Amino acid sequence: MRISPAAFYTRKSVALLVVYVLLSLGAMKFNDPFALSGIRYALLQSVASMAKLKTKVLLLRSEARRMEALKKELFRVRLENSRLKESLLENIRLKKLLKLKNSTKYSTIAAHVIGSGLEMGVESLLLDVGRLQGVHKDMAVLCPEGLVGRVVAATPRQSIVQILLDPNLLVSARTQKSRETGIISWQGNPWLNLMYIPKNIPVAKGEVIVTSGLSRIYPPGIRIGIVSGVKKDKYDLFQKINVLPVVNFKALEEVFIVKYETSAVPEAANAEK
Amino acid sequence: MPKSSLIKFILVFAVTLILQITIIPYLQIANWKPDLLLIMVVIFALQTGPSGGSSAGFFTGLAGDLASAHLVGLGALSRTVSGYLAGALKGKLRERSQFIITLFLAGFMNDFIFYSITTLGKDFSWKLIFFIYIIPNLFYTVLLGLGIYYTLGNWLTVEA
């Protein structure tokens, strides 16, 4: 039987489609395959170079404006500096009185955001620091406002961060007042959801939600968001709590990666992933 | 396909991927950000057919996966199928509306597969996914796609 050129062409393209689909499914099964780490490194290096170029261009343009602003700022800072020196001395005296220790439990690595992933919204960020700077998978990422997410992959010089607005990221969280523990997740809304808080626990609008500390990844007490709504259904065991994130993920430029070590319950860390 | 066209498109896809990661986030409005990579895959697929479309979709999708936090292979799968679909529609529609309709259908297929898998087993509302994410984002992508198609369309051709 002879196959016509059109039929052969169709069969070939269908066969190719099947091969690609199988390869994609294989890649999903062996997520983050080592064989692709070289390609990932080359890709992120190109992204980093592009980001550097973009920063240089933006810097040149804003340099003149910045100089003017800096002159004014310098004057204001000098005045403020003298006032702060007084405050510092006062602080030292008070610390001695209270016998407080400057106890930082974890070290931080500063990083710049150089891009975002291909998802529709912002579900992942690319950072300009990697393994050479001490970044590894499963390190927490913070900004001054609160929790951003966690590192999911690191090349020698760049890393990829999964942020809270990713349906696959679950974080163990706690209500700041009642200290009840639940799980924070994102379900596509402009807010996050705090799950598994029983109905008898009072949670009020405006209450702050923080990381619970029952984790190997996230340090305790890091702000996640503020309760914006609480709903109690008659037939549900748990409340439906909406939490507005404190971090504006679209405006992130600098973040901190936290190296946090604890002897926390391993089950809690596993449950988060 | 001649080697020169292949090399040109490999470079185009590489540059597009880097632009998608570094520059396109600045064009984001609310949750919507145009998919430059998909536009290029559709332009390529409409000239080369299903084999070219699925190949372009697979390799660009896989490269995109390596620069994102989601499952590696997920973007490759969704873009392979949407690239194949775009290629299969080659010559099946009226020339004037071919690009817009194909881009819309391929984009819909891409987002549908991506969200079906990424939200598997989660309490996600499809109404929300369609009307808040997929549909507005598709219109944004089509709008940018039209701009690119009518300005760079002549240059982005595969030589016979």
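# Reading a predicted two-chain model

Q: How do you know that helix 3 of chain B reaches close to the span expected for its number of residues?
A: Helix 3 (residues 50–66) of chain B has 17 residues and reaches 24 Å from its first C-alpha to its last. The expected span is 1.5 Å times one less than the number of residues, and for this helix that is 24 Å.

Q: What makes helix 3 of chain B count as mostly covered?
A: A residue is called buried if 20 or more other C-beta atoms lie within 10 Å of its own. In helix 3 of chain B, 16 of the 17 residues are buried.

Q: How does the reach of helix 4 of chain B stand against the expected value?
A: Helix 4 (residues 74–88) of chain B has 15 residues, and 21 Å is expected at 1.5 Å a residue. From first C-alpha to last, helix 4 reaches 21 Å, close to that expectation.

Q: Why is helix 4 of chain B called largely enclosed?
A: Here 15 of the 15 residues are buried, so the rest of the structure largely encloses helix 4 of chain B.

Q: What elements make up chain A, and how much of chain A counts as buried?
A: Chain A has three helices and twelve strands. Of its 273 residues, 32% count as buried.

Q: Which strands of chain A form the closed barrel?
A: Six strands of chain A run in the order 1-2-5-4-3-12, with antiparallel pairing. On average, neighbouring strands of this sheet are turned by 45° against each other, direction ignored.

Q: How do you know that strand 3 of chain A pairs with strand 4 of chain A?
A: Two strands pair if there are at least two bridges between them. Strand 3 (residues 140–143) and strand 4 (residues 146–154) of chain A have four, therefore they meet that condition. They run antiparallel. One of the facing pairs is A:Val141 opposite A:Gly149, while A:Ala140 has A:Arg150 as its bridge partner. With two residues between them, strand 3 and strand 4 of chain A form a hairpin.

Q: What makes strand 12 of chain A a partner of strand 3 of chain A too?
A: The cut-off is again at least two bridges, and three join strand 3 to strand 12 (residues 254–259) of chain A. These strands run antiparallel, and A:Leu142 stands opposite A:Phe256.

Q: How many residues of chain A and chain B are in contact with each other?
A: 44 residues of chain A are in contact with 42 residues of chain B. Helix 1 of chain A gives the most to chain A's side, with ten residues. That side divides into 23 nonpolar, 13 polar and eight charged residues.

Terms used:
Residues numbered from 1 in each chain as written. Chains lettered and ligands numbered in written order. Predicted model: local features only at pLDDT ≥ 70, side-chain atom pairs only at ≥ 80, totals over all residues. Contact = placed C-beta atoms within 7 Å. Nonpolar A, V, L, I, M, F, W, Y, C, P; charged D, E, K, R; others polar. Buried ≥ 20, exposed ≤ 12 C-beta atoms within 10 Å, placed from the backbone. Axes fitted to C-alpha atoms, helices over the stretch in contact; angles between N-to-C directions.
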